[in-house]
Structures are given as structure tokens and as C-alpha cells.
Amino acid sequence: MPAPPPWRFRCYVSAAGIDQIRTWYEAPQSRPIRGKFLARLDSLGRLPFAEWHPPLFRWLEGGIGEIRFKAAGVQQRPLGFRGLGEDVFTIVFNATERGGRFVPRDAIERAIQRKNEIEADAYRSLPCWLFRDS
Amino acid sequence: MPTAHSHVGSSAIPSRVFLRELCDDELRNEFVADKVRTRFALLIRSLREQRGWSQAELGRRMGKPQSVISRLEDPDYGKLSMQTVFEVAAAFGLPVYIDMPEWEEWFRLIDDMSEASLKRRKYDADRLAAPTQETSALAMPDTLFIVTIPSKTPLDNPPAAAKAPTTTYAGTTASAAMSFGSFLLETTIRPPRGDLEIIESREIAATPRGKKLYGRMMAPTKSAMERSNAF
């Protein structure tokens, strides 16, 4: 029987029912950004949580952590939190970083807001479409 | 059991949606490059930390400044030369092996990046020259082991799926796998609660029925153990 990896990813869904992370991914992102995003999710998804640390990942504040990679000359910072559920990481916001500052500047606050929305209503997140089998 | 939002197909191959994304050549090339760079960066740091070396110490052994080591441990650093790979390997006393394998094999090889899977022993002629009788007869690396774990499962009716190559197979003991001894199996094992259990096996060669089972020892990594807990 196939063994699933230790981690599963979920994505933030807006009040209108739109998967915001998928929308970001399917927007005209460059292929290098998409390729690296896939690679980092795949790599983190196969690591025990105790090994989620720099350079691949870093905890910030308010229970928010950032997936760290550079693609197309830009520091990409998908933000998320651990939950809901065992061995689940939910991506809530796709920020970038420039000059040591998030773009947008309030990325962490927005990520925390989305985390709160999901914690209040589990239907505000969906299993990451990339890991479904259809 | 795979869920709607897990990797599916095998423990190493991603989902169909994921694989379809990789149909794009440029995207796939970036994916592969990043996976390889990430693994190599994590490997260098893991090996350095296993030896208790600082980045400066590794740099000293390579004749490079600390800043070079810092870059080598950055998965986003994209200018690693073959010569540097050899120099890093030499500093750790390890060999280098480069290949362009079949995709199935690549996914399997790149799968586990956990710290436990990145442990390496340096060159040791005495160890290399003293394989067991069995490994010598098979002319296989000294990482081979013989499964001699007492069975707690009937041996007569192993799951049919277990006979297929590259099938993931869980929930029985290593010696249970010996019952279908016409196969030489590569196994991943774990100690769950007393006995060792096979969590993955695949045929690597045929051997006459009744012979002992040999397999390539893959350390029961923490991540593999966590994955196996899903069974």
C-alpha cells in the first residue's frame, strides 16, 4: 500500500469560495516560480516537521511561517500555519520579500487574519489541488 | 491509505495533478534543478554538522572562505560547478555519483531528504574489505543485510501485490517476505513495537526459491517511520 508523505498541504479559500493560492499559482506566474513552488512543497512535504527550518522554512509571528525560495530574481514567501489537523500545513498568503521587507508590507497581518478565518470556519481552506489524484 | 490530498501512486511518485504540471519542460527543469540543489545543500549542511564542523572549518578544509560554504548550503544558489562538488566530497572523504536515471528511479532517490537519510560514513578500507560472506557472494555493496527477524505473520500467503516490483508493502515482518523467496527484495524496515516490519520492498534480482532474503539496508528514517504510521 502506498505510504503518504508525512505532510499534507491545504490552501486558503476566500469568502467567495475561491482558492486564493491556486489563483496565485495559475495567474501569469513564470514557469521558474511555479517549478520552484512545486519543488519546495514536495521537499517540505517529505520532511519531518522537526526539520522544517531555514533555509527552506522559517517561523515568523502569530503562528505564521514562511516557505522560502528565490525564483525569477524575487524572494518568494508563501505564508501559512500548521493546521487544521494533524500533519497539515495550510498556505494562506503568497508574499514576496524585497530589501528585508514583505511585499505587501502587511503580509503577516493578512496571513494571520486568514489563519483566524480558517480557524473559525474550516471550510475556508481546501486540500491543495496539486496533491489530489484527479 | 492515500487520501484526496496526499501524494499517491507510491511513496515517492507525486499525484497525477502534480505530474501533469511537470509536463511543461521549463517548469519541470526548474523543479528538478531545485530538488537536486536542495538535496545537495541539505546534504552538505548535514554532513558538516555530523562532523561537528563550522562553515569556516569546512571552508578551511576546502581552501575556501566561509562565505563559499554558506552559498553551497543555500538551495537557491544556482552556480555549483562539478569541480566544487568533487572538492566538497573530498573534504568529507566521500565519493561522488552522478547519473540521469529513469524518472521512477529519480523520484525514489530524491524522495527522502530527512537528516537521518543524509548520514554518511567516510572511506574505511577495513570496513569495505570485510563484507559478510553473503554480500561477497552477491558482489553487492556492504550496505546489504540479511533479514533474520522472527516472523509473527503466516508465511504461506503473502499478499500478491508484494511480489510485484516497486510495490510498497506494509504490515508484516521481514521474515514473512522470505516466504516468497524466489525474489530478492530491496526493503525498508522499521522497528514499530518490538519486531521489525517491512514498509517497502521491491524486487532487485531473482534468486532460487528457498534462499535467504537479502536486501539493501536503508536506515529506517524518522520520516519513513512517520509515513509508515499511516498504515
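Helices here are DSSP runs of H or I at least four residues long, numbered from the N terminus. By that rule, helix α3(B) is followed by B:Gly63, whose phi is positive, near 70 degrees. The model is predicted. The points below take chain A first, then helix α3 of chain B.

**Chain A: overall make-up**
- Chain A holds three helices and eight strands.
- Their order along the sequence is β-α-α-β-β-β-β-β-β-α-β.
- The chain has 134 residues, and 46% of them count as buried.
- Among contacts in chain A with a separation of 6 or more, 49% link residues 24 or more positions apart.

**Chain A: strand β1 and its partners**
- Strand β1(A) spans residues 8–12.
- Five of its five residues are buried, so β1(A) is largely enclosed by the rest of the structure.
- β1(A) and β6(A) run parallel and are joined by four bridges.
- β1(A) also pairs with strand β8(A), residues 125–127. That pairing is antiparallel and has three bridges.
- A:Arg10 has A:Thr90 as its bridge partner in β6(A). In β8(A), A:Arg10 stands opposite A:Pro127.

**Chain A: Ala95 in strand β6**
- A:Ala95 lies in strand β6(A), which covers residues 88–98.
- A:Ala95 has 19 other C-beta atoms within 10 Å.
- Beyond its neighbours within four places in sequence, A:Ala95 contacts A:Arg77, A:Leu79, A:Phe102, A:Val103, A:Pro104 and A:Ala107.
- A:Ala107 is 12 residues from A:Ala95 in sequence. In space, the two are 6.2 Å apart, C-alpha to C-alpha.

**Chain B: helix α3**
- Helix α3(B) runs over residues 55–62.
- B:Gln55, B:Leu58 and B:Gly59 are buried in this helix.
- An α-helix has 3.6 residues a turn, so residues three or four places apart point the same way.
- What do the buried residues of α3(B) pack against? They pack against three helices of chain B: α2 (25–50), α4 (66–72) and α5 (82–92).

Definitions and conventions:
Residues are numbered from 1 along each chain as its sequence is written. Chains are lettered from A and ligands numbered from 1 in the order in which they are written. This is a predicted model: local features need pLDDT of at least 70, side-chain atom pairs count only at pLDDT 80 or more; totals for chains, interfaces and linings use all residues. Helices (H or I, at least four residues) and strands (E, at least two) are DSSP runs, numbered from the N terminus. A residue is buried if 20 or more other C-beta atoms lie within 10 Å of its own, exposed if 12 or fewer, and partly exposed in between; C-beta atoms are placed from the backbone. Two residues are in contact if their C-beta atoms, placed from the backbone, lie within 7 Å. Two strands pair if DSSP finds at least two bridges between them.
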